[in-house]
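Time to open the notebook again. I started with the rings, moved on to the charged pairs, and left the overall layout for the end.

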Amino acid sequence: MAPTIERISALTFRVVNMTQSVRFYRDVLGMELLYGGEGTGFSSLRAKDTQSAILNLEQGKPLPCWGRLIFYVTDVDALLESSEGPGI
């Protein structure tokens with residue numbers, strides 16, 4: 001049986017200003033800071049619900065068509081073994 005995606009685990013946004021971005025997600029939207037912070041190049045936040053997906057912020061220059069979406073799969077090794085070819 002092939003593994004199935006159960007939920008979104010994390011989403012990554014590239015941001016130009018980490019300080020403003022962390023303050024917005026933490027102070028305005030009320031997300032919990034899990035890692036990093038205002039003076040860092042990478043931060044992780046989550047809604048107060050511990051089952052919520054993690055929002056990662058990566059500081060850098062904006063790029064067209066850039067982003068990362070991470071899915072939660074119970075047995076990711078089985079998924080990798082069942083795939084044929086590169087690039088899942």
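**Aromatic pairs.** I looked for ring pairs and the count came to 2, where rings of Phe, Tyr and Trp (its six-membered ring) pair if their centres lie within 6.5 Å, and planes under 30 degrees apart count as stacked, over 60 as edge-to-face and the rest as tilted. One of them joins Phe24 and Tyr25 in an edge-to-face arrangement, with 5.1 Å centre to centre and 80° between the planes. Tyr25 is buried at 17%, whereas Phe24 counts as partly exposed at 39% relative accessibility.

**A note on the model.** I am working with a predicted model, so local features need pLDDT of at least 70 and side-chain atom pairs count only at pLDDT 80 or more, while totals for chains, interfaces and linings use all residues. Residues are numbered from 1 along each chain as its sequence is written, and side-chain values use heavy atoms, with hydrogens and water left out.

**Around Phe24.** I placed Phe24 in helix α1, residues 18–28; helices (H or I, at least four residues) and strands (E, at least two) are DSSP runs, numbered from the N terminus. Phe24 also makes a nonpolar surface patch with Val28 and Leu29, of about 300 Å². For patches I took residues with over 30% relative accessible area and no salt bridge, joining like charges within 9 Å and nonpolar side chains (Val, Leu, Ile, Met, Phe, Trp, Tyr) within 5 Å.

**Salt bridges.** My search of the whole structure found 4 salt bridges, each a side-chain nitrogen of Lys or Arg within 4 Å of a carboxyl oxygen of Asp or Glu. Which residue does Glu58 pair with? The partner is Arg14, with the closest N and O atoms 2.9 Å apart. Glu58 lies in strand β4 (residues 54–59) and Arg14 in strand β1 (residues 5–15), so this pair ties together parts that are 44 residues apart in sequence. Glu58 is buried at 18%, and Arg14 is partly exposed at 26%.

Next I followed Arg23, which bridges to Glu38 at 3.0 Å between the closest N and O atoms. Arg23 sits in helix α1 and Glu38 in the loop between β2 and β3, so parts 15 residues apart in sequence are tied together. Both ends are partly exposed: Arg23 at 43% and Glu38 at 25%. Arg26 and Asp27 also meet in a salt bridge, 2.7 Å from N to O. Salt bridges that share partners join Arg23, Arg26, Asp27 and Glu38 into one network.

I checked β2 (residues 32–35) against β3 (residues 42–46): they pair in the antiparallel sense over 3 bridges, where pairing needs at least two DSSP bridges between the strands. Leu33 has Leu45 in β3 as its bridge partner. The two strands form a hairpin with 6 residues between them, and Gly36 in the turn has a positive phi of about 80°.

**Overall layout.** Buried residues make up 22% of its 88 residues. Of the contacts (heavy atoms within 4.5 Å) with a separation of 6 or more, 52% come from residues 24 or more positions apart.

Technical notes:
Buried < 20%, exposed > 50% of the residue type's maximum accessible area, 1.4 Å probe, protein only. Areas by Shrake-Rupley, 256 points an atom, 1.4 Å probe, with all protein chains shown as cover.
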